[in-house]
Amino acid sequence: MARIGLRDITKVFPGGAVALDGVDLDIADGELMVLIGPSGCGKSTLLRIIAGLETPTSGEVHLDGMDAGHLSPKERQVAMVFQNFALYPHMRAGENIAFPLRISGMDPAAQGERIAESAGALGVRELLNRWPHQLSGGQRQRVAMGRALVRQPRLFLLDEPLSNLDSGLRAELRAEISGMVRSLGVTTVYVTHDQTEALTLADRIAVLSQGVLQDVGTAGRVYDKPATMFVAAFLGTPRITLLEAFVYVYLNSHIALRIGEQQLYLPWSDPRARELAHYHGEAIVVGVRAEAVAPIAEPRRGQSLRGSIRHLEHHGHESLAFIDIGATEIDVDPDGVRPRAAAAAARRHARASESLFNRFLDKITRTERGPEVAQAENGHAGRHHLRPAELTVRLPPRVRAASGENITIGVRLDMLHFFERRGGRIDVGWR
Ligand SMILES: Nc1ncnc2c1ncn2[C@@H]1O[C@H](COP(=O)(O)OP(=O)(O)OP(=O)(O)O)[C@@H](O)[C@H]1O
């Protein structure tokens, strides 16, 4: 078992593709870390660098605190499983599992014991005499995992191991992998682009976008408090709605978030209001997940939005209504943002505000010319695209609704996410 330390890992391939850009990540002994991100974000490259199959352009890989740069995959005691069930076709399942032990010269009696143990843990004991072509996809992948684990590696690395399987089998094997690696206590890095896999399997999740590590944390933390807009948009079904909102301070009562022609109010008693006040007159991004909104009968001042149903999606147990609230949605570019740079920018922003009052005076003069001017001055943070917003609301199965109908939506203000236009989270106090 081993601790992994990745220090400022950058990988630029010949030809100039930047696969990884300054990745720092610590993985604890026995931890199951899931690397997730869209296609091409650098997940496999990072896994191969941990394995020693690829050399970083700069940066260091540490194993148990020691620089492992000079160690081969064998010396790192790594076992890998890929998505394509790479079993040796001319060997029976049992021989496939035994192969790594055989070439290591292990005593045949001890081999038998280890194989039985591994095959038992993976539920393939009955299949050891079959040829690979006589196994189903799921069985082949179980045997491949048995072959990887039989050597009792220090590191277990899996690259999308379930992506060739159907969804039922994926769920089944997911649970088995989780149970198995935890009972073995082997440090595991698991690459996937499937968020269900990530959220259900991981001790912690590391989210990558375009080679940049966006966020690392437990599934709950990364989902509830995503470090960047990219992470908020990448995790969660249905997808979060990212609304452009202008912040206005009403010193006597509340902060108003102007979303299109409508407003949500955060009273001063809400500790987040003080932080948001720094953005007076500016555009920020308000993230609204479906669980933060629900249809209500009567509007509530500052706590609800009106809209009309643009279209409906029926899912059996619920329907999703996509609501036009006359607002603008921000599309995140997959480049995302460097979270640390974004956090630093937010802190600079806060420091620059010296006294809140002076800042308000300055901003109020500016915003008296109207939000459009303030918006133009603040700019549309370059890389984000704007389009008409659709707020996603879950409707219980028996609620009757039709496209074009008007609807009032209650908003759970405590469940809103706030981001700077650059994409970094506005730190309004971490729970
Ligand atoms: N050998 C290589 N030569 C040049 N570019 C490469 C090489 N391997 C990967 N890349 C590039 O590096 C980037 C990261 O690739 P990588 O395979 O790590 O992504 P990934 O997140 O695992 O993607 P996927 O989910 O599609 O497997 C991509 O832009 C890819 O095109």
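**Reading the ligand shell and an open sheet**

Author: In this predicted model, helix 1, which covers residues 43-51, supplies the largest share of the shell around the ligand, namely three residues.

Reader: How many residues surround the ligand, and which are the closest?

Author: The ligand is surrounded by 13 residues, and the closest are Phe13, Ala19, Ser39, Ser44 and Thr45.

Reader: Turning to the strands, how do the strands of a sheet pair?

Author: In general, strands of a sheet pair through backbone hydrogen bonds, and the pairing may be either parallel or antiparallel. In this structure, an open sheet of five strands shows antiparallel pairing, with the strands in the order 15-21-16-17-20.

Reader: Which strands stand at the edges of the sheet?

Author: The edges are held by strand 15 (293-295) and strand 20 (391-395), and because each has a single partner strand, one side of each is left without a neighbour in the sheet. From one strand to the next, the twist averages 50°.

Reader: How many bridges join strand 17 to strand 20?

Author: Strand 17, made of residues 319-324, is joined to strand 20 by five bridges, and the two run antiparallel. To find this pairing in the structure, look for Phe322, which stands opposite Thr392 in strand 20.

Reader: What does the chain contain as a whole, in helices and strands?

Author: The chain has 22 strands and 13 helices, and of its 431 residues, 39% are buried. Among the contacts in the chain with a separation of 6 or more, 73% are between residues 24 or more positions apart.

Methods. Residues are numbered from 1 along each chain as its sequence is written. This is a predicted model: local features need pLDDT of at least 70, side-chain atom pairs count only at pLDDT 80 or more; totals for chains, interfaces and linings use all residues. Two strands pair if DSSP finds at least two bridges between them. Helices (H or I, at least four residues) and strands (E, at least two) are DSSP runs, numbered from the N terminus. Axes are lines fitted to C-alpha atoms, for helices over the stretch in contact, and angles run from 0 to 180 degrees between N-to-C directions. A residue is buried if 20 or more other C-beta atoms lie within 10 Å of its own, exposed if 12 or fewer, and partly exposed in between; C-beta atoms are placed from the backbone. Two residues are in contact if their C-beta atoms, placed from the backbone, lie within 7 Å. A residue is near a molecule or strand if its C-beta atom, placed from the backbone, lies within 6 Å of it.
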